[in-house]
Amino acid sequence: MASKTGSTPATYSPSPATHKKKRIPIADWVCPDNRGFYQCRPAYLRTGAVSTAAGSAYAEFGNTKVIVSVFGPRESKKAMMYSDTGRLNCDVDVFAVVLESGGSDLPVVISCASLALADAGILLYDLFASVSVSCLGKDLVIDPISEEESYNDGSLMITCMPSRNQVTQLIVDGEWSTPKIHDAMELCLGACSKLGKVMRSCLKDVVTDLKE
């Protein structure tokens, strides 16, 4: 998973589709963006995207572009029960905006939210990375684009803490055989591990820039 450099793209206004695309036979499927089935889209990540937020991050995976802002922590408005040892309840507000929907939007938002929380100085057990897989006939396509998601027979998304090797979320849709779902999970976990390294590198770059 490579980082992509360049300026932040402008937002766009989606327009309704005027016609339905002809379905391509799954047996003849070729990734429209010329990637291999097991190859993730180029990723560009940066923190500090929103100056008015306590923490924020921008993520761009191919044509999928999202921005997440974190506000807080602040005192919780929920009533607290009496405690002899004392307790402080805090709330953190997380806002996500999909600037451009290009496929795999939810896992990109989740990964971007993790960076935004870290940028806000919120204590985390680990960064959490998220990746999805689409099943197209006999093939598995990782980090699918919108067209691949619309044609898939099933989808699987995993969110995990890469450093701890712990899965925190698993979403499965469609019909899966046991061997194929095992392969899909292994594919996602491997991609999450690589994505986690890119995310940590993004945070380290920010610290290095501050020191300089």
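Start by colouring the whole protein by pLDDT. This is a predicted model, with a mean pLDDT of 83, and 82% of the residues reach 70 or more.

Now select residues 2-22. Here pLDDT stays under 50, and the model has 23 contacts for this stretch beyond four places in sequence. Helix α1, residues 105-119, has the highest mean pLDDT among the elements, at 95. Helix α3, residues 178-211, has the lowest of the elements, at 87.

With the colours explored, move on to strand β2, residues 55-61. Is β2 enclosed or open to the outside? Seven of its seven residues are buried, so the rest of the structure largely encloses this strand.

Show the side chains of β2 and look along the strand. In a regular strand, side chains alternate between the two faces of the sheet. In β2, G55, A57, A59 and F61 point one way, while S56, Y58 and E60 point the other way. The residues on both sides are all buried.

Click G55 and you'll find V70 of β3 standing opposite.

Last stop: the turn from β2 into β3. These strands form a hairpin with two residues between them. Select G62 in that turn, which has a positive phi of about 60 degrees.

Conventions: Residues numbered from 1 in each chain as written. Predicted model: local features only at pLDDT ≥ 70, side-chain atom pairs only at ≥ 80, totals over all residues. Heavy atoms only, no water. pLDDT = per-residue confidence, 0-100. Helix = DSSP H or I, 4+ residues; strand = E, 2+ residues; numbered from the N terminus. Contact = heavy atoms within 4.5 Å. Buried < 20%, exposed > 50% of the residue type's maximum accessible area, 1.4 Å probe, protein only. Pairing = 2+ DSSP bridges.
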